Amino acid sequence: MATANKICSLGRRIYRFAASVSGVIALLIILWGCTTNDFNAGAIAWKTYSNSRYGFEFPYPSNWTSLAAPANDDGIAFISPQDNSVEIRGWASQQLPNDQESVKKVKSNFQTVQGVSGVLVVEVDQRVGSMRLTLTQSQVKYCLQGRSKSKKFPDYYRLFYYIAQQYRISKS
């Protein structure tokens, strides 16, 4: 019986390893497709969303539609005219003391054109792909997120990345 348990345990570990490796391989294939240099920001007509409450701004394609802004004016979301499941969302919030400790543990891996460092996380599962940028200055946490269906994520990756690069925080 002990041998059977060891074999089952080994089988589960091999399965988990294979599943994690296949997930990593799938993510690498998706991101490899995302790195194509056919994105041309100059070919897109842009508008700029500016948030006066938290002092941030980012560009978005001028033909995208804004969703209703929340009453607290912490941000906005825009959806693509071709596919309303594709969205760009930007917001900010005051940091709680517990948030500040967790942010210090995460190393910056991204820098905006403005020179602000932050954390960029790309997640792709079977249904949804997303890119989320988090910037922290003083007591404010700034976030930008681009989302689409997983199958379409490679088509939007460069757009989301460009917008993240252009994200600006007003100097106070």
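Phe153 and Phe160 are both buried in this predicted model. Both residues belong to helix 3, whose buried positions are Phe153, Tyr156, Tyr157, Leu159, Phe160, Ile163 and Ala164. An α-helix has 3.6 residues a turn, so residues three or four places apart point the same way. Helix 3 comprises 14 residues, and its first and last C-alpha atoms are 20 Å apart, close to the 20 Å expected at 1.5 Å a residue.

The protein chain contains three helices and ten strands. Their order along the sequence is α-β-β-β-β-β-α-β-β-β-β-α-β. Of its 172 residues, 33% count as buried. When contacts between residues at least 6 apart in sequence are considered, 48% of them join residues at least 24 apart.

In soluble globular proteins, nonpolar side chains tend to be buried together. The largest nonpolar core in this model has 29 residues, and Phe58, Tyr142 and Tyr167 have the most contacts inside it. Two or more residues of this core come from each of strand 2 (56-61), strand 4 (75-79), strand 5 (87-94), strand 8 (128-137), strand 9 (140-149) and helix 3 (153-166). The greatest contribution is that of helix 3, which gives seven residues. For Tyr167, contacts beyond its neighbours within four places in sequence were computed with Phe56, Glu57, Phe58, Trp91, Thr112, Gln114, Leu133, Leu135, Tyr142, Cys143 and Leu144. Two of these partners, Phe58 and Tyr142, are named with Tyr167 as the core residues with the most contacts.

Aromatic rings were examined next. A pair of aromatic rings is described by the distance of the centres and the angle of the planes. A search of the whole structure gives 16 aromatic pairs. One of them joins Tyr49 and Phe58 in a tilted arrangement, with 5.5 Å from centre to centre and 50 degrees between the planes. Tyr49 has a relative accessible area of 11% and is therefore buried, and Phe58 is also buried, because its relative accessible area is 1%; the cut-off for burial is under 20%.

Strand pairing was then considered. Strands of a sheet pair through backbone hydrogen bonds, either parallel or antiparallel. An open sheet is formed by three strands in the order 1-2-10, with antiparallel pairing. Strand 1 (46-51) and strand 10 (168-169) are the edge strands; each has a single partner strand, so one side of each lacks a neighbour in the sheet. Strand 2 and strand 10 run antiparallel and are joined by two bridges. Within this pairing, Phe56 has Ile169 of strand 10 as its bridge partner.

Strand 6 (residues 110-111) is joined to strand 7 by two bridges, and the two strands run antiparallel. Gly118 in strand 7 is the bridge partner of Phe110. These strands form a hairpin with five residues between them, and Gly115 in the turn has a positive phi of about 100 degrees. Strand 7 is also antiparallel to strand 8, to which seven bridges join it. In this pairing, Val124 has Gly129 of strand 8 as its bridge partner. Strand 7 and strand 8 are joined in a hairpin through three residues.

The loop between strand 7 (117-124) and strand 8 holds Arg127. This residue is exposed, because its relative accessible area is 65%, and the cut-off for exposure is over 50%. Apart from its neighbours within four places in sequence, Arg127 is in contact with Ser148, Lys149 and Ser150. Arg127 and Ser150 are 23 residues apart along the chain, and their C-alpha atoms are separated by 5.3 Å.

Conventions. Residues numbered from 1 in each chain as written. Predicted model: local features only at pLDDT ≥ 70, side-chain atom pairs only at ≥ 80, totals over all residues. Heavy atoms only, no water. Phe/Tyr/Trp six-rings, centres within 6.5 Å; stacked < 30°, edge-to-face > 60°. Buried < 20%, exposed > 50% of the residue type's maximum accessible area, 1.4 Å probe, protein only. Helix = DSSP H or I, 4+ residues; strand = E, 2+ residues; numbered from the N terminus. Contact = heavy atoms within 4.5 Å. Core = buried A, V, L, I, M, F, W, Y, C linked by side-chain atoms within 4.5 Å. Expected span 1.5 Å × (residues − 1). Pairing = 2+ DSSP bridges.
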